[in-house]
Amino acid sequence: FVDSTKQEQSIMYQLEAYLESVLKSAFPKEYHELLEIYKGLIGIQEQSLSKIIGSRVALFLFQDAKTRQSILPEILQSLEVSWSSIRNVIGNKRAGGKLSLEDFDSYSWDSLDNITEKQYKL
């Protein structure tokens with residue numbers, strides 16, 4: 001339980017509505033899949049998320065537009081604890097998908113210092 005005021009709750013609902021509209025606009029084909037993945041992420045502990053979010057954001061931003069569109073669902077799925085656990089136990093090929101744990105190794109918040117304006121705008 002997180003104690004919050006009515007104003008804080010209304011801000012969060014606004015942010016959620018905005019996120020949904022951005023997803024629908026930016027990724028119309030993947031929208032429903034992304035929305036379902038997003039709903040599955042609700043409740044993830046901040047501590048778990050803070051350890052891996054930088055590598056996910058950086059990997060996404062370093063890709064071209066077409067690649068971003070194709071890997072976003074899996075990047076979001078990789079935020080779930082079970083995603084990496086499954087890959088550790090049965091291996092990436094059997095788990096399916098385009099990404100492996102190693103794909104995130106060379107990315108972090110710090111790697112964003114090296115991103116070019118051209119890459120960022122894609």
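A residue is called buried here when its relative accessible area is under 20%, and by that criterion 26% of the 122 residues of the protein count as buried. Keep in mind throughout that the model on screen is predicted.

Next, select residues 46–61, which form helix α3, together with residues 65–77, which form helix α4; the two pack at an angle of about 165°, with their axes 10 Å apart. Because angles over 145 degrees count as roughly antiparallel, that angle makes α3 roughly antiparallel to α4. The crossing of these two helices is right-handed.

Now show side chains where the pair meets: Arg56, Leu59, Phe60 and Leu61 on the α3 side, and Arg68, Leu72 and Ile75 on the α4 side. The residues of this contact divide into 5 nonpolar, no polar and 2 charged.

From there, move to the largest nonpolar core, which has 19 residues, and select Ile75, Leu76 and Leu99, the residues with the most contacts inside it. The elements that give two or more residues to this core are α2 (31–41), α3 and α4, and α2 gives the most, with 5 residues.

Finally, centre the view on Leu76, which touches Leu34, Ile37 and Leu41 when residues up to four places away in sequence are not counted.

Key. Residues numbered from 1 in each chain as written. Predicted model: local features only at pLDDT ≥ 70, side-chain atom pairs only at ≥ 80, totals over all residues. Heavy atoms only, no water. Axes fitted to C-alpha atoms, helices over the stretch in contact; angles between N-to-C directions. Helix = DSSP H or I, 4+ residues; strand = E, 2+ residues; numbered from the N terminus. Parallel < 35°, antiparallel > 145°, perpendicular 65-115°, else oblique. Left-handed = near helix turned anticlockwise from the far one by under 90°. Contact = heavy atoms within 4.5 Å. Nonpolar A, V, L, I, M, F, W, Y, C, P; charged D, E, K, R; others polar. Core = buried A, V, L, I, M, F, W, Y, C linked by side-chain atoms within 4.5 Å. Buried < 20%, exposed > 50% of the residue type's maximum accessible area, 1.4 Å probe, protein only.
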